[in-house]
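Hi,

Here is the structure I said I'd pass on. Have a look, and my notes follow below.

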Amino acid sequence: LTGVKASNSLSFSLQAKMSRPVQARRLEGIDKNIWVEFVKLAATYSKVNLGQGFPDFPAPDFLTEAFTRALGGGNHMLHQYTRAFGHPPLVKVLAQLFEKLLRRDLDPMTNVMVTVGAYQALFCCFQALVDEGDEVIIIEPFFDCYEPMVKMAGGTPVFVPLRLNPPKDGKLMSSADWHLDPAELASKFSARTKAIVLNSPNNPLGKVFSRGELGLIAELCVKHDVLCISDEVYEWLVYDGKQHIRIASLQGMWDRTVIIGSAGKTFSATGWKVGWVVGPDRLLQHLRTVHQNSVYHCATIAQEAVAQGFQRELMLYGKPESYFVQLPKELQQKRDWLVQSLDAVGMKPIVPEGTYFLVADISLFKSDVPDVPNSDEPYDYRFAKWMVKNKGLAAIPLSAFYSEAHKNNYTNFIRFCFAKEEATLKAANDILQKWKQEKTSS
């Protein structure tokens, strides 16, 4: 009898545990993530991975040497906690650099905060500044974490797409051919709008927003008293003589803008996960509250090495030997090589003005990928999966960077990353050329 009671008790206990929901409501509908699926596909099938946005070439010697010095240089305190909101040498040099870029005095202790990559900086922004019922305007296509992060904070994403106006003279498309419609953008601002997310240079398109476009955004922000979360992780990676303009430098914008940056993109060391936010103390004080109650602290040695990297770049600012000058020149050559490879096989590239990324139109390849009856999966998803499995070349579908309401309008494009070794890009070209020959012979 005792055994029966114990068995019944155990059964009841198990049923009680299994029947109670465990998922927080704020996670509903945002559990799917394209990177989980496509990283696994690339790891399983790809011979050449141009999907994820990371370089496969080394970080610069001066940076890795700084890390080695920090690791073995005898300062044992670099193995311990540093200041929670940013290692003092790093926030100091970041303040000095941004004083030059923004032409304003900055306090390293209140106007700069170091984060675990730009990703955590974004999370801090949304958690600290967005409340239940607030609307946040997101320009499409957008880096995919913006939408779920807004929703987790209780906000409502409001989307406004860049509109393609392709050239009529037979030239290749450019990311500059994707424009904001001023009336459409203005219509998205309301009394409920708390913030707009700006990503320039833009991932995935590579668009560098013009002064006129930034002026339009700034004017609407000031008119409606709206914050700007400015994701500028590709700030140094602009091509063809384009200029990256920081929206915080425009009239009325410093006091309402949080600038987000990344050592991963700045110094080609994405695995170090050192990012930062720059902005007025009235905004950053709230980000500090989220930071101290989440990750609290970033790796001290990585911050020390990044600080030394910035100290070097500050001394070489504007000079030919600066990494900020050399890297975009190298990446522009890699971009041009991939543009030629894609164009030669009939994938119409959209030439990016900045970033690691290049989007290509795959409309001419529809006959290559079999239809899947009764499938609601977008064509670019099916194409990217088919390409990695059958050709060994990994890329990312562009519709992944759009909201549900708009993604079906952009299913003929995929995104490639060209921040790769010459050998990697050559291997990609070989795959494309072989594919072209197979199409021609069939």
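The buried residues of helix 5 are G117, A118, Q120, A121, L122, C124, C125, F126 and L129, where buried means under 20% relative accessible area, exposed over 50% and partly exposed in between (1.4 Å probe, protein chains only). Helices here are DSSP runs of H or I with at least four residues, strands are E runs of at least two, and both are numbered from the N terminus. Helix 5 covers residues 117-129 and reaches 19 Å from its first C-alpha to its last, close to the 18 Å expected at 1.5 Å a residue (1.5 Å times one less than the number of residues).

A word on the source: this is a predicted model, with local features needing pLDDT of at least 70 and side-chain atom pairs counting only at 80 or more, while totals for chains, interfaces and linings use all residues. Residues are numbered from 1 along each chain as its sequence is written, and side-chain values use heavy atoms, leaving out hydrogens and water.

Most residues other than glycine have a negative phi, and most peptide bonds are trans. R103 has a positive phi of about 60° and sits in the loop between helix 4 and strand 2; at 77% relative accessibility, R103 is exposed. T355 also has a positive phi, about 80°, in the loop between strand 12 and strand 13, but T355 is buried at 0%.

There are cis peptide bonds too: E140 to P141, with omega near 0°, and N203 to P204, with omega near 25°. P141 lies between strand 3 and helix 6, P204 between strand 8 and helix 8.

Cheers
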